[in-house]
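Colleague: Please take a close look at one part of this model, a helix pair and its surroundings. Keep it brisk.

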Amino acid sequence: MSLLTAIGLLPLISAGMIALIPTRNNELIKRATLVATTIIAISSIFLAVSFDKNSDQLQFVQKNSWISAFNINFSLGIDGISLVLILLSTILVPIVILATWNESENGRWSSKVFYVLLLTLESLMIGVFAANDLFLFYVFFEAMLIPVYFLIGGYGTGNKSAAAIKFLLYSLFGGLLMLASIIGVYIISSNQIGATFDITQLATLEIDNQTENFLFLGFFIAFAIKAPLWPFHTWLPDAAKAATPGTSVLLLGVLDKVGTYGMIRFCIQLFPDASKTFTPLIITLAVISIIYGAFMAIGQRDIKGLIAFTSISHFGFITMGIFAMTTQGMSGANLYMINHGFSTAALFLIAGWMISRRGSSTISDFGGLQRVTPVMSWSFFIAGMSSLALPGLSSFISEFLVLVGTYTRYPVAAIIGTLGIVLAALYILIPVQKALHGPIVSGNENLKDLNLREKIAIAPVILVIVFMGFYPKPVLDLINPTSEKVVVNAGFSDPIAKVGK
Amino acid sequence: MLSAPSLSYMLLSPMLIIFGAAVLGVLIEAFLGKTHRAAVQLTISIGALLLALLQLWQIKDMTSTTAAVNSVTIDRAGIFFQFIIVALALVAILLIADQDNFVAQASAVPGSTEEKIATQQRVQQTEIFPLVLFAVGGMMLFTVASDLITLFVALEVFSLPLYLLAGLSRRRRLLSQEAALKYFLLGAYASAFFLFGSAFIYGYAGTVSISAISAAAGSANDIFLFIGIIFMSVGLLFKVSAVPFHSWTPDVYQGAPTPITGFMAACTKVAAFGAILRIFYVGFADAQSLWQPIISVIAIITMIFGSVVAIAQRDVKRMLAYSSIAHAGFLLLGVISLSKEGLAASLFYLFSYGFTTIAAFGIISLVRDSTGEVSDLNRWVGLGKKSPLVAAVFSFLLLGFAGIPLTSGFIGKFAIFSAAYQSANISLVVVGVLASAIAAFFYIRVIIMMFFTDPVNDSVSVIIPSIRSRIAIICATLISLLLGVFPSLLLNASNSFANLIK
């Protein structure tokens, strides 16, 4: 068993052990989960250290036969892109647990169920990024929905069951379209090279154009629903508003990345020609998402809704970077996934604390928090600045890379995309001004600032945001070889000579 | 000079055991006192089913087209179908034997004093056991029958007991009797259509043997073959409840005693698809171009209609009835594929669907209030709070019906869609996945009702299941879980058994 498989299984095993603790023993359950997920996070960092970043080959490969009748293998292995996304997931989970220590207590079921679901989800998240077998990927992709569904529906607020079912149905619909495409790819492989689900082998198939286009669309729509691209986005704001802040962090920070990850791994690698055909359409949708998400964010009164729409805008950037088919764009998009994960995590967690303290999620109910709760306000400010891509904070570099990468091939799209940055300043600064600055709105006078636990939880996130803003090299080193490989394998070369990083 | 036909008793033994036990059961009804009947009947039924399973295991590698003078073909697929039917019946009989689901005295008019007296005696009709065994025997014969006459006889042998069983519900008897009558009348029509079609086929091919029909294809005016296929299909599609021959399904599912619904839903599907697959794969394979377009259209409307109408249902049994219609549509893809993969996929699908269905109906029979079973979905709200385990198991089964990965339903769907795709029926696959997406909605809605809605005061409770139904439900659930995670166990078997002798 490779280290990767062990890390993937650890959360599941921990879930099983936590299920054995008596339900009444709340504190013990929480602590045990925190310890377990921290150990997992540390081991995944260890995984990253022992990862050979100069190689663009799959590493930590594990392959066992699972369903021999269809030649389906339990096959795991990671390259740079998978690795950083796994790191993102495993690091965010303990932070979420610590930050939202009491979140699980107001749910429909006990805290134990919450943490068992969360740990199961973590295993599936690792699996989905590590799977090298298309069928296995699909299984993780779909199975992931179930714990999230129960996390939203069981522990959320407001119109949670409607939001949960909307989320599930959208995702299932996309997933089933993808299933049809997966079957198509599988049958084509059995006619050409012998039935297989191995992604590397599937990439070598010769598919005729029309079929390839249809198969591509099956995958793309599934992923465009997951990493919501306009017009497939409507489930996201509802889900984000209804879910607990912790669930929202994982939903937007990690789960939605499965969509953009899938575009890179499957859409482009398996169907390079179809990707080329659809690029203009996809870039258009991405640009619309950037602008639409930004405008909708400006109009939001609800703070969670605001973050959800900013994410739609950011997913537009990521998709644009991916389908620009340049190495800068691809690297930028990959880096963006990580940065967006952390800055959204920070925003959601702090927004969650603000909401639970104030008892309201309307932006205008806050006001003057800067004076009452300085630490919380500063953290929110930094996360917000990162979200609007202020130079020196993490998102700036990725957004810059995406725009540069896109500009070399699609200058118009890049220029319109730049407008998104301007709008980003609006949708972040207006709420910052309303909520943090100005006179103290009545009812806010006695709000408490962050306690020690919350400070410990948010500190690493802020640290990552600042650190990645100045020194993204460690992550870029992991991402770049794979990004280049993806672009080259898809048959593209950069329109202009590579710029140094 | 008349010579006795030669029969290979070994190959026929599984069916003979079941029929023998059924006859024995009838004699017990006549000669044994009331007090011991139930226990003896149950023992005999379980014993016969186990023995039949054992016998099937013994003959699993044998094949013969002349087991009973050309009327019965024992082949790999036939043995597998019989195996599924007996295994499902074994689980179902535990549910059937369990609670007081059956009427105390079927001959008593509903609401009469006779009925009250009979009910107070706390007995129920024990004829259900021989009836079930006759049905099982008929189903087994139906899947291996290789001439049209035997097929028709088998069809009647398994249908008649089911008509009766459907009317034997202990509570809401009028509803049950209405369901039985409806089932009987429509079933009789369907049988007539089947017979009518057989006559046309005989006229066309000059033979009733399925393999000879295949050889005769193209020898005469195809219109007669076409008419024959159409009319026979009506009879067969009625049994699997494909649209537009489905209208009995919701009423009968709702009215029949729940364990019988489970038995019927699981076993009838296997038997009818067993026969359909044999007839179309062996008899009509060469006339593919005649029937494939029609069956494709029926598959499409069946998948979509079943999934869409299920959304509107407020009764859990009716909902599962429409879900079974949708599943019949998916299974038809296996027939249309007309390939070894299609057959293997159908075998897997029928096996996994059967067990999931029996477990689901087993759970439905546990949800009750003071007057009996509650199948009204609006009263299932909050079940997850009162009995988390039962609600969780039921949710798992629903996810299996919906075909979520890691359940057996998903592997079944995947296998059958792959087979259909491989045989170039891509549009059917697309309709199939869309119908699955629609279907997911109503399965998930039930989960929402159970888990995300607070219980209302008048809500129902889950009775503590007896050991028998506990075994049945646990077995069936474990099988669907196991087949979802380790499908290889069965997939390899269904591949190696996917062989019909022509």
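Modeller: Definitions come first. Axes are lines fitted to C-alpha atoms, for helices over the stretch in contact, and angles run from 0 to 180 degrees between N-to-C directions. Helices (H or I, at least four residues) and strands (E, at least two) are DSSP runs, numbered from the N terminus. This is a predicted model, where local features need pLDDT of at least 70, side-chain atom pairs count only at pLDDT 80 or more, and totals for chains, interfaces and linings use all residues. Residues are numbered from 1 along each chain as its sequence is written, while chains are lettered from A and ligands numbered from 1 in the order in which they are written.

Now the pair. Helix H1 (residues 9–31) of chain B packs against helix H2 (residues 34–58) of chain B at an angle of about 170°, and their axes are 8 Å apart. H1(B) is therefore roughly antiparallel to H2(B) (the cut-off is over 145 degrees). Residues in contact have C-beta atoms, placed from the backbone, within 7 Å. On H1(B) they include B:Ile17, B:Leu24 and B:Glu29; on H2(B), B:Arg37, B:Ile44 and B:Leu51 are among them. By class, this contact has 12 nonpolar, five polar and two charged residues. Ala, Val, Leu, Ile, Met, Phe, Trp, Tyr, Cys and Pro count as nonpolar, Asp, Glu, Lys and Arg as charged, and the others, Gly among them, as polar.

Next, confidence. pLDDT is the predictor's confidence in each residue, from 0 to 100. Chain B has a mean of 89, with 99% of its residues at 70 or more. Among the elements of chain B, helix H5 (residues 128–144) has the highest mean, 95. Strand E3 (residues 461–462) of chain B has the lowest, 78. The model scores ipTM 0.88 and pTM 0.91.

Technical notes: Angles under 35 degrees count as roughly parallel, over 145 as roughly antiparallel, 65 to 115 as roughly perpendicular and the rest as oblique. Two residues are in contact if their C-beta atoms, placed from the backbone, lie within 7 Å.
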